[in-house]
Amino acid sequence: MAESGAFFERHEASGSVMLAARGNWQVESAAALDRELADLAKSRPGQIRIDLGGIDSLDTVGAFLLLRTARSIDASLENVPDGFATLLEHVEKAVEARPHHPRRRHRHFHVGEWLDHLGEQVFRILANATELLAFFGRILVTAGRLVVHPSHARPVALLSQLQRNGWAALPIVGMLAFLIGVVIAYQGADQLAQFGAQIFTVNLLAVSVLRELGCLITAIIVAGRSGSAFTAEIGAMRVNEEVDAMQVLGLDPVEVLVMPRLIGLLISLPLLTFFADFVGIAGGGLMCWLALDITPPVFLDQLHGALNPLTFWLGVIKAPFFAFVIAMVGCHGGLEVERSAESVGHHTTASVVRSIFLILVLDAGFSILFAKLHV
Amino acid sequence: MSDARQANGHADGHDDGLLVRVRGLVTKIGGRTIHDGIDLDLRRGEVLGVVGGSGAGKSVLLRTIVGLMTPAAGTIEVFGEQMARLNDRERHKLEARWGVLFQDGALFSSLTVAENIDVPLKEQFDLPHHLLVEIAQLKLSLVGLAPETASLHPSELSGGMRKRAGLARALALDPALLFLDEPTAGLDPISAGDFDHLIGDLKSSLGLTVFMVTHDLDSLVAICDRIAVLIDKRLKIGTIEELMRDPHPWLQSYFHGPRGRAALDGKVA
């Protein structure tokens, strides 16, 4: 019997069964009562009457269980205490209003279902890509409008973005670039020493940091730092209906929210890349000096010979493209947020992953392009 | 009203028919005194409406009683237990016996409506899944929402539906005491009237005692047994007729202004 005080007694008398419900029929005992009543319904005991005279207390869940049982075994409720009549009546009305058996989805593993899921995912990715492309168009149109009407620009917002996404990112970008320079120099020296060509560590360092690592590391840090901030900021504004308010006030969210972030990042990411290049080379140079005894004058001389005028620019030229991707994906994610806290988190994660993915794809594209151009 | 609750195991330590007893309550926010010596009794089975101007501290009073804010002085007893003396476990047990409906429903945005209703049930009891589904359905139809609402997220609901869903969650544990914070604010007059009706209905069928903060004169007239007015940091409590006779200028303009007259017209002799 139910441990917490709700139970029923069974009396059999001449062909009919009488169930006397007793105790506190409340949600506390619902789990146990539910089991017993289900067993009872399965046993199909013929004609049943349920006597409620012995119930001490009843709540909506208790009333629901009684009514459900009475319904499933076709029993009648008798001897209802006065105090519970209205409650039972009210719950009965509510029970009648809802479908008898709520549909339950059975989760079985099926190849068909798996394929279905896969197809859904593919279409979702395509839909996302289309939306992003449409957003790209919106940005271009807005940018065009800003060129025609420069008075619509927002210099204060732009400066604040430069401060938050450029200046404030200097320490972390510098530190990581420095470490990368150190690691490249150290690992490269180890390998090149086998040929007695330690001096070429400088070439390796210069080309890898300037052409690839400087701009990639910077872009990835900024994607994690600023891209996520864009999505979360704009997303929180969406949750708060601020974006809707803007639109109603005749302000274009793309112009007010997206353009300052985009232009800010277009300016600050190349500068950060330049900074990362410089610090990365410096870190590598320090390592060369300490571990390989390549003194700074020798290092600079070798560096000068290793570089052609384009090497630096081939790295930095990628930065504005990366900046565009980060700002576009980040802001788009923010504007896509629905009115829930979970949605903010989901879109923030998605926009960081997407922008890093797109950065690497773009970088691969640049590699192919530069190879074709023989630079 | 039904005595379902009164006849049953919800008997309290020393039962004097008061579910809430507030004595000498003083609350301060940032050094500013909001309430200065408030006494309040909430009798079993009544609906008490709390009114007052904007910023008079109606919501603060509700939040203080349910323990979201700490009073500067005074005692609060709920179900005969002094709130300040309870430890965490006792307070937790007490909280299961009341339901609170916040202004905009305060539904958890990442959960569906059904999951929102199941939150307190899962927290308190170990119920099988199918029963949780059925209970959520039952509560939904008790508050007059369609079964399909169960699988929707709060962002997909209208303001009125959010309030009803919030009420369903507040009712999940079949509380004896219900706190409502402006249940009809932001609803159109018809939905607001329906909501008043719903509260009145649930009160009589489930034997609820209701503490309701409101701005809505229609609600006061329709379902409140007594009215508490927050004026000058203190509380005046009485029936609507008593308060209408009060000479205080705020009360005079509240009940005898154009809106007051429209709401009271023909309902109060």
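I count two strands as paired if DSSP finds at least two bridges between them. The model I am reading is predicted.

I looked up strand β3 (residues 47-52) of chain B and found it joined to strand β9 (residues 226-231) of chain B by five bridges, with the two running parallel. Within this pair, I noted B:Leu230 of β9(B) as the bridge partner of B:Gly52.

Entry 2, the sheet. I then traced the strand order in chain B, which reads β6-β7-β8-β3-β9-β10 in an open sheet of six strands with mixed pairing. I recorded β6 and β10 (234-238) of chain B at the edges; each has a single partner strand, so one side of each lacks a neighbour in the sheet. From one strand to the next, the twist averages 15°.

Is strand β6 of chain B covered on one face or on both? I found both faces of β6 (residues 98-101) covered: B:Trp98 and B:Val100 are buried on one side, and B:Gly99 and B:Leu101 are buried on the other. Four bridges pair β6(B) with strand β7 (residues 177-181) of chain B in the parallel sense. In β7(B), I noted B:Leu178 as the bridge partner of B:Gly99.

I found 29 residues of chain B in contact with 31 residues of chain A. On the chain B side, α4 (129-142) and α6 (189-206) are the elements giving two or more residues. The largest share, eight residues, comes from α4(B). By class, I recorded 14 nonpolar, eleven polar and four charged residues on that side of chain B.

Definitions and conventions:
Residues numbered from 1 in each chain as written. Chains lettered and ligands numbered in written order. Predicted model: local features only at pLDDT ≥ 70, side-chain atom pairs only at ≥ 80, totals over all residues. Buried ≥ 20, exposed ≤ 12 C-beta atoms within 10 Å, placed from the backbone. Axes fitted to C-alpha atoms, helices over the stretch in contact; angles between N-to-C directions. Contact = placed C-beta atoms within 7 Å. Nonpolar A, V, L, I, M, F, W, Y, C, P; charged D, E, K, R; others polar.
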